[in-house]
Amino acid sequence: MKTILIVEDDSSIHKILEEMLISERYNILNAYSGTEALMIIEKNNIDLILLDLMIPGLSGEELIGKVNYLPIIVISAKINTEDKVNCLLKGANDYITKPFDKNELLARIKVQLRMNSSNKDLEYNELKLLSDKHTLLINENKVNLTKTEYAILKQLLLNTKEVVTKNRLLDLISLDTEDCNEESLRVHISNLRRKIRKYTDIEYIESVWGIGFKIKE
């Protein structure tokens with residue numbers, strides 16, 4: 001589960017963001033000042049930051065300069081082009097103005113999380129998913145995957161601790177492939193299982209009846 005840090009001192013906006021992200025099954029951490037945010041970042045593994053600029057303590061702009069190794073989406077009432085350019089040059093990945101559209105913000109979050117994880121090989125027990133070649137290695141045996149099979153397995157390996165519902169899985173892989181629906185998802189899962197089964201006795205992709213799929217623990 002991805003962890004998103006909300007840095008926003010307006011309690012009403014903070015609550016809107018928190019409820020929106022929880023409904024999408026993100027893990028949430030909360031900060032109401034730049035100084036508090038920096039302390040949280042130093043003690044936790046953060047996947048993405050939603051950052052207001054006009055916050056107490058360390059300003060949003062100052063915080064960007066200190067933690068620009070993390071994906072940052074600025075959410076601000078500042079609409080001037082100069083402010084946007086300044087934040088992007090300091091290291092912010094995206095900038096959206098208030099009031100924001102929830103669906104647009106969720107889409108931007110997914111894009112940033114995808115970009116941040118797309119270049120990392122994923123390993124789980126004897127499985128190794130190679131991001132640069134869209135190839136799966138099982139005990140060093142090479143398994144060629146289709147674009148959709150790769151997208152499905154990647155999302156399951158990114159969420160090994162939870163059941164991924166069918167709808168959420170379709171939503172997640174839509175960023176990488178557009179040729180999948182609920183009916184064809186079952187076919188792709190079946191083909192993926194068959195390819196994995198060729199090199200291991202472990203049934204890694206488990207079905208959770210009526211809900212979705214998960215990686216076998």
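This is a predicted model: local features need pLDDT of at least 70, side-chain atom pairs count only at pLDDT 80 or more; totals for chains, interfaces and linings use all residues.
## Basis of the model

Local features require pLDDT of at least 70 and side-chain atom pairs pLDDT 80 or more, whereas totals for chains, interfaces and linings use all residues. Residues are numbered from 1 along each chain as its sequence is written, and side-chain values use heavy atoms, without hydrogens or water.

Four residues from domain 1 and eight residues from domain 2 take part in the contact (heavy atoms within 4.5 Å).

About 580 Å² is buried between domain 1 and domain 2, with 44% from carbon and sulfur atoms; buried area is the accessible area (1.4 Å probe) that two parts lose on being put together, summed over both. On the side of domain 1, Arg-25, Lys-110 and Arg-114 lose the most area, together 87% of what that side buries.

## Salt bridges

The structure holds 13 salt bridges (a side-chain nitrogen of Lys or Arg within 4 Å of a carboxyl oxygen of Asp or Glu). Two salt bridges are counted between domain 1 and domain 2. Arg-25 pairs with Glu-162, the closest N and O atoms being 3.6 Å apart. Glu-162 also meets Arg-168 in a salt bridge (3.2 Å, N to O). Glu-162 is buried at 7% relative accessibility, and Arg-168 is buried at 16%; buried means under 20% relative accessible area, with a 1.4 Å probe and protein chains only.

Asp-52 forms a salt bridge with Lys-98, with 3.4 Å between the closest N and O atoms. Asp-52 is buried, at 4% relative accessibility.

Methods
Buried means under 20% relative accessible area, exposed over 50%, partly exposed in between (1.4 Å probe, protein chains only).
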